Amino acid sequence: MVEDGSIRMTEAEVLELAGSVLRAQGLSADHAASVARILMAAQRDGSLSHGLQRLPGTLDTIGHPRFNRTPDPRPEDVTAAITRVDAQYGFSCLAVERGLPSLIEKARTLGVAILAVNNGFHSTALWPVVEAIADAGLAAVSMNPTHSWVAPSGGSKGLLGTNPLAFAWPRPHARPYVFDFATTAAARADIAMHRQAGRTVPEGWGLDPDGNATTDPAAILAGAMLPFGGHKGSALATMIELMAGPFIADRLSRQSMQFDAGAKAAPCHGELILAFSPVIMGSGNALNEAEDLFAGFAEQDARLPGDRRYRQRALSERDGIAVSKQLLQRIRDLPPAGVQD
Ligand code: NDP
């Protein structure tokens, strides 16, 4: 995972690097720190697409006319089982962090609970949050719409988002089982990387602006991406639109795109987080039963999602977090607040 030309940084150094860039843009200390924690976790775990390389792009989001540098999101009890937090047009991370204690307490007491986060600019991976909920002994699901870059199966134009879905399950003697992926055939960043390298993409990744299948990455970026698994991914992405959109009184991906109005900011929308208590809902033996299932994977040498990240995390904890020198220079060269345009 460490490329040539990387240096090693401690967690504290990565946090300070990201935090200082964001504070220099006028973000309040707790707002900046909440984003820095997610970027650090992704960089540490080798999930590089959501690590420090996201930092330069945050300036576009901060430059959105509605972006709020100093939000003060407050959890609000909607019902005994439902908490809502308005991110107040800041990054969603701070609102999520502030809502988590309430979600966890409610799920432990009631067996199931919902956290709805509204009006957050969102460009992060979902796994850090579901993993944290599983660390509290609960199963968790998280999902959100994005921008309408994705055509529905059988369609020809962007309507759905890249709509990530994450799940975590707690394990008594191991790190939680966690998966987290977009519901598209490929990540938008992957398509952009193919374009940059002058390579075609595999069939099934997207459509050109006329709605025809293409392997030309530039045509897909101008046209529409496709969901993974045909009608199955399309249906999952639609569920996410509904449940993290109208269900929690927030934007569909199409509305998020309209809200952006060409600012090239991160999508601004809602996020739905669900937590379940395996102790209350399960037989009391739920966690042991789950271990039998996971043992079945090990017997076949089939890897669990999350295993690669945990291995990379252990390496980063031993050797330091790898950061490419080129990226570090790009971050140090970022313009000061107000001059990025
Ligand atoms: P991938 O297609 O790379 O899939 C990642 C998931 O699959 C991880 O849980 C990974 O585990 C697991 N996995 C990968 N390969 C295997 C394998 N061979 N066997 C078992 N498990 C495997 O993810 P995407 O590119 O679709 O998404 C990457 C990230 O982008 C996610 O974190 C997602 O949240 C984020 N995203 C965020 C959006 C947003 O709106 N904020 C929008 C779209 C995506 P491991 O980590 O251990 O490799």
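Good morning, colleagues. Please keep in mind that we are looking at a predicted model.

I begin with the surroundings of the ligand. The shell comprises 23 residues, and those that come nearest are Thr124, Asp180, Ala182, Gly306 and Arg308. Sorted by class, the shell holds 10 nonpolar, 8 polar and 5 charged residues.

Which elements supply at least two residues of this shell? They are strand β7, residues 177-181, and helix α12, residues 307-319. The largest share, 4 residues, comes from β7.

I turn now to individual polar atoms. On the backbone side, a polar atom of Gly306 is 2.8 Å from an oxygen atom of the ligand, and a polar backbone atom of Leu126 is 3.2 Å from an oxygen atom of the ligand. From a side chain, Asn144 places a polar atom 3.0 Å from an oxygen atom of the ligand.

My second topic is Ser148. This residue is found in the loop that runs between β5, residues 139-143, and β6, residues 165-169. Is Ser148 buried or exposed? Its relative accessible area is 10%; the cut-off for buried is under 20%, so Ser148 counts as buried.

Which residues does Ser148 touch, leaving aside those up to four places away in sequence? They are Gly158, Leu159 and Leu160, together with Ser253, Arg254 and Met257.

Thank you for your attention.

Note on methods: Residues numbered from 1 in each chain as written. Predicted model: local features only at pLDDT ≥ 70, side-chain atom pairs only at ≥ 80, totals over all residues. Heavy atoms only, no water. Buried < 20%, exposed > 50% of the residue type's maximum accessible area, 1.4 Å probe, protein only. Contact = heavy atoms within 4.5 Å. Near = heavy atom within 4 Å. Polar contact = N/O pair within 3.5 Å; in protein donor to acceptor, adjacent residues only side chain to side chain. Nonpolar A, V, L, I, M, F, W, Y, C, P; charged D, E, K, R; others polar.
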